[in-house]
Amino acid sequence: MKKALVITLTILLGLLLCATLRAEALKKNIVPADASWIIHLNVEQLLGSRFFTRMMGAEEWAEVEAGNARLEKKFRINLLKDITAVTVYGKGQDEESAVACISGRFNKEHLLDLLGMDEEHREIPHGNFTMHNWDGEAYGAFVGDNLVVITKSEAILKHALDVVSGSAANITGSEAGTIIARTPADSFLTAAARNISELLDKEKDDHSAILKKAEAAMLHLSERGDDLFMGAEVSVTSAKDADNIEQMLKGLLAMVDMYRDEIPAGVEIPEDIKISREGNRVWVELSYPTEKLVKLIAQKGRFPFKFVASVFSPFLP
């Protein structure tokens, strides 16, 4: 179970970085109010996009399909048909605090049978839920038949289930919830972070000036016609800092324009980058032709499916 779900998450995020299901918007009732960062993937929006369709035409796609078929045979999970949404959140840099909430159609009986074959498997009751511990360090629970919650800490899983059940506060009405609310409904990727200072490595001093000043940030990706559309926002301590960041970003754009003739062939600089500011918030919006983006990614072995396919090998028979 652990292996199948970890691969599910890796594959979906991998496909992004590089429709037969109902769209799954971010469910605020599954994310705690004190979450420092959130990443949500709306799988239907992704699978129905031109971006994804063009990626499927890549030569490496056959490797992904082969690996997916092997996973489906063993775990009875089809990564590209059974998963409706992935939401990952955490607090600070601690890996133990990360939680993956995966929505979809699961063969619950089969997965529980596989767990039962693990000699280290044990069941832990918590309220109306049954938590499962396997491989010594993995904790997970089913919420109904269509949601799986996984983490690496028993205490974190208990808190996650308390949020789902309503006995602990979720992000509705919180700072994180306010940030998420500003993302477009058609986004297939939404990411947000607050208390950014907690997420930075204190031992390193090479963080950008923007990150050092940032209190919260947000990113979203969607598709508008033939273009991939990205929006990003950062909130800083003061309006003065926001003004400085706005001017810095506009200065960088002016510099890029000066050296436009030296940009390698095939790399297209977006013409409609918009930089705006209001109070202590600065946001950037830009679009890039989907066809050209896929070709750019595919050049010189940078196509992400090579990485995605390699994820299968350590886990499959």
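## Salt bridges to begin with

A salt bridge is a side-chain nitrogen of Lys or Arg within 4 Å of a carboxyl oxygen of Asp or Glu. A search of the whole structure finds 14 of them. We will come back to several of these pairs below.

Before that, a word on how to read the model. This is a predicted model, in which local features need pLDDT of at least 70 and side-chain atom pairs count only at pLDDT 80 or more, while totals for chains, interfaces and linings use all residues. Residues are numbered from 1 along each chain as its sequence is written, and side-chain values use heavy atoms, with hydrogens and water left out.

## The overall picture

The protein has 12 helices and 12 strands. These are DSSP runs numbered from the N terminus, with at least four residues (H or I) for a helix and at least two (E) for a strand.

Of the 317 residues, 46% are buried. Here buried means under 20% relative accessible area, exposed means over 50%, and partly exposed lies in between (1.4 Å probe, protein chains only). The protein exposes about 16000 Å², and carbon and sulfur atoms supply 52% of that area. Accessible areas come from the Shrake-Rupley method with a 1.4 Å probe; for residues, only the protein chains shown count as cover.

Two strands pair if DSSP finds at least two bridges between them.

For a closer look, take strand S1 (residues 37-42) and strand S2 (residues 83-90), which run antiparallel and are joined by 6 bridges. His-40 has Thr-87 in S2 as its bridge partner.

Met-258 lies in helix H10 and is exposed, with a relative accessible area of 66%. Together with Met-255 and Tyr-259, Met-258 forms a nonpolar patch on the surface, with about 380 Å² of accessible area in total. Patches are made of residues with over 30% relative accessible area and no salt bridge; like charges are joined within 9 Å, and nonpolar side chains (Val, Leu, Ile, Met, Phe, Trp, Tyr) within 5 Å.

## Back to the salt bridges

The side chains of Arg-54 and Glu-291 meet in a salt bridge (2.6 Å, N to O). Arg-54 lies in helix H3 (residues 50-56) and Glu-291 in helix H11 (residues 290-298), so this pair ties together parts that are 237 residues apart in sequence. Arg-54 is partly exposed at 29% relative accessibility, and Glu-291 is partly exposed at 32%.

Where do Glu-233 and Arg-281 lie? They form a salt bridge (3.0 Å, N to O). Glu-233 lies in strand S10 and Arg-281 in strand S12, so the pair ties together parts 48 residues apart in sequence. Both Glu-233 and Arg-281 are buried. Elsewhere, salt bridges that share partners join Arg-50, Arg-54, Asp-226 and Glu-291 into one network.
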